[in-house]
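Subject: The structure I promised you

Hello,

Here is the structure to explore on your own screen. Please open it first, and then read on.

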Amino acid sequence: MSGNNLKESLTMFKRARKVIPGGVNSPVRAFKSVGMNPVYIQRGEGSKIFDIDGNEYIDYVCSWGPLILGHADDRILKKLAEYAQRGTSFGANTKIEIKLAELITETYSSIELVRMVNSGTEAAMSAVRLARGCSGRSKIIKFEGCYHGHGDSFLIKAGSGVLTLGIPGSPGVTEHTAQDTLVARFNDIESVEKLIGSNKSQIAAVIIEPVMGNAGVIPPDSEFLKNLRELTLTEDIILIFDEVITGFRVALGGAQELYGIDPDITCLGKIIGGGLPVGAFGGKRKYMEQLAPDGPVYQAGTLSGNPLAMAAGYETLSVLINDDVYPALEKKSKLLEDGLKENMKKLHLNYSINRVGSMMSLFFTGHDVHDFDSAVTSDTGLFSRYFHEMLANGVYLAPSQFETSFISVAHNNEDIEKTIEANYLSLKSLK
Ligand SMILES: *Cc1c(COP(=O)(O)O)cnc(C)c1O
């Protein structure tokens, strides 16, 4: 068990359970899969978070990815204060939403027009509606273990909390909706060809996380994404890259830049809101101009393009662009990966590590993890014990085997060294 005193956190969780379902506003936060009560956070600063019981942790959740600059970055806080003073929302147009859209379209050559929404879920839902509206087709293909938010069409063999809690689908999603979602295997182009072959001219879109980040980190094989792009072009199917995690994370231009792929529509979120609620979807003009008010496909939002989210996002992206943070992020992330591998060597362990840039996962399996099936060979009981030990050693990981660790610009070499030391002690105690 965790050696930390978490008394206040427990009191708070009991109080929360009386008024919030399961005590949480997003399922994985309940810490169920690691068999403990959740930690309540008081504040964050740089690479660290502090809980209400006074414990300090090096944070590798980073709000599930958005905080690539770390917690409470001065530049973001200043921008937020400046914008908040002018009023927090108008439901009308402001200049900052254009500035953010310009940064995105300048950075992503596949995105000619971009529409802001309030979450990654909304981005993915809207992208699929647009693809259906443009093509007049109903079905979509997704990949086993990929997560695209909690829209009805995506809760079929999904990753993230759905996978963590071992739920195959979800009650409340109608059979009719579920039938329109076909599920292929990641890194298996033949599985896609088969589905297309048996559903000729019925598939509106293929949606994919180009680097899987919601079953733990799973990189694409070298030819897989290229083949997927060619296949969808040949079959006249819209290719949607869900880069809600990978956008501005694995490279400034996301996975599409890293792997040299030109998708039709891209979903963004997380980092582009700088820690405020946001999402966006964008892509080729011929599709995007089908959206209302220019086109017939309806999509809207009271707080979409909200000036606070736009300001935090704009400031974050400006730093990422101007400071060219990616080489340093890569170096730190590699240091962490190498340290963990060295620890395992010393301890004669052969668990699998996947890393793409500053996204990393340690899978408690001896198998190479390249798809959903290999990911679930992981020993989640062992992960749970590891999680407790890491927490006791001052490292806050996502409370699930099937999530990603995120390294931020704020993590320094001392943090990385401490984490490697904590990893050694934690792995040793599991033996
Ligand atoms: C987080 C995530 C989403 C959902 O975003 P929310 O803001 O949580 O709705 C969608 N797709 C991917 C790939 C994600 O990681």
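Below is a short tour of what was found, one topic at a time.

A word on the ground rules: this is a predicted model, in which local features need a pLDDT of at least 70 and side-chain atom pairs count only at pLDDT 80 or more, while totals for chains, interfaces and linings use all residues. Residues are numbered from 1 along each chain as its sequence is written, and side-chain values use heavy atoms, with hydrogens and water left out. Helices (H or I, at least four residues) and strands (E, at least two) are DSSP runs, numbered from the N terminus.

**Helix α15**

Let's start with α15, residues 413-430. The expected span of a helix is 1.5 Å times one less than its number of residues.

Which residues of α15 are buried? They are D415, I416, T419, I420, A422, N423, S426, L427 and L430. They cover an arc of only 165° around the axis, which means that they sit on the same side of α15. The arc is that of the directions from the helix axis to the C-beta atoms. As for the cut-offs, buried means under 20% relative accessible area, exposed over 50%, and partly exposed in between (1.4 Å probe, protein chains only). The buried residues of α15 pack against several elements, including β2 (48-51), β3 (56-59) and β13 (395-396); contact here means heavy atoms within 4.5 Å.

**Strands**

Two strands pair if DSSP finds at least two bridges between them. β2 and β3 run antiparallel and are joined by 3 bridges, with F50 opposite E56 in β3. These two strands form a hairpin with 4 residues between them, and G54 in the turn has a positive phi of about 90°. β3 also pairs with β13, in the parallel sense, over 2 bridges; there, D59 has Y396 as its bridge partner.

Elsewhere, an open sheet of 3 strands has the order β11-β12-β14, with antiparallel pairing. Its edge strands are β11 (352-356) and β14 (405-406), each of which pairs on one side only. Between β11 and β12 there are 5 bridges, and I353 has L362 in β12 as its bridge partner.

**The ligand**

Among the residues around the ligand are S119, G120, Y147, H148, N214, D242 and K270 (near means that a heavy atom of the residue lies within 4 Å). A polar contact is a pair of N or O atoms within 3.5 Å; within protein, one must be able to donate a hydrogen and the other to accept it, and residues adjacent in sequence count only if both atoms are side-chain atoms. A ligand oxygen lies 2.8 Å from a backbone N or O atom of G120. The side chain of N214 has an N or O atom 3.1 Å from an oxygen atom of the ligand, and that of D242 has one 2.7 Å from a ligand nitrogen.

Most residues other than glycine have a negative phi, and most peptide bonds are trans. A cis peptide bond joins A292 and P293, with omega about 15°. W64, not a glycine, has a positive phi of about 70°; W64 counts as partly exposed because its relative accessibility is 24%. D236 has a positive phi of about 60° and is exposed, at 58%.

Enjoy exploring!
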